[in-house]
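Biologist: I am new to this structure and would like to be guided through it. May we look at it together?

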Amino acid sequence: MEIQWRKSSFSEQAGNCLELAVVDGDVLLRESDDPAVIVRTTPAKLAAFLAGAKSGEFDDLV
């Protein structure tokens with residue numbers, strides 16, 4: 001089975017982007033410049049992380 005990776009329209013054209021895919025109900029994430037490293041999570045955990053990022057919870061890290 002070939003994984004259908006998606007990336008944001010906000011990603012840079014130089015390949016510096018995060019790609020996402022859904023496989024068997026889990027969300028997979030990888031960086032386009034190191035595609036062999038894949039992180040697997042659940043939709044609920046990703047939603048919680050995105051909510052925190054949108055609210056500025058992690059702004060002190062950048």
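**The chain and its sheet**

Modeller: Of the 62 residues of the chain, 19% count as buried, where buried means under 20% relative accessible area, exposed over 50%, and partly exposed in between, with a 1.4 Å probe and protein chains only. This is a predicted model, in which local features need pLDDT of at least 70 and side-chain atom pairs count only at pLDDT 80 or more, while totals for chains, interfaces and linings use all residues. Residues are numbered from 1 along each chain as its sequence is written, and side-chain values use heavy atoms, with hydrogens and water left out.

Biologist: In what order do the elements of the chain run from the N terminus on?

Modeller: Helices (H or I, at least four residues) and strands (E, at least two) are DSSP runs, numbered from the N terminus. The chain has one helix and four strands. From the N terminus on, the order is β-β-β-β-α.

Biologist: Which strands are the edge strands of the sheet?

Modeller: Two strands pair if DSSP finds at least two bridges between them. The four strands form an open, antiparallel sheet in the order S1-S2-S3-S4. Pairing on one side only marks the edge strands, S1 and S4 (34–41).

Biologist: Which residue in S2 stands opposite lysine 7?

Modeller: Strand S1 (residues 6–7) is joined to S2 by two bridges, and the two run antiparallel. Strand S2 spans residues 18–23, and its covered face consists of Glu19, Ala21 and Val23. The residue opposite lysine 7 is glutamate 19.

Biologist: Which residue in the hairpin of S2 and S3 takes a positive phi?

Modeller: S2 pairs with strand S3 (residues 26–31) in the antiparallel sense over six bridges. Valine 22 stands opposite valine 27 in S3, and the bridge partner of valine 23 is aspartate 26. Two residues lie between the strands of this hairpin, and the one with a positive phi, near 50 degrees, is aspartate 24.

Biologist: What is the bridge partner of leucine 28 in S4?

Modeller: A hairpin of two residues joins S3 to S4. These strands pair in the antiparallel sense over five bridges. In S4, the partner of leucine 28 is arginine 40.

Biologist: Is threonine 41 buried or exposed?

Modeller: Threonine 41 is found in strand S4. Apart from neighbours within four places in sequence, threonine 41 is in contact (heavy atoms within 4.5 Å) with Asp26, Val27, Leu29 and Leu46. Because its relative accessible area is 18%, threonine 41 counts as buried.

Biologist: How far apart do the centres of the positive and negative side chains lie?

Modeller: Lys and Arg count as positive and Asp and Glu as negative, with His and the chain ends not counted. The place of a charge is taken as NZ of Lys, CZ of Arg, CG of Asp or CD of Glu. The chain has 6 positive and 11 negative side chains, and the distance between the centres of the two sets is 7 Å.

Biologist: What does the C-alpha trace span along its principal axes?

Modeller: In the chain, residues 24 or more positions apart account for 8% of the contacts with a separation of 6 or more. Along its principal axes, the C-alpha trace spans about 40 × 30 × 20 Å.
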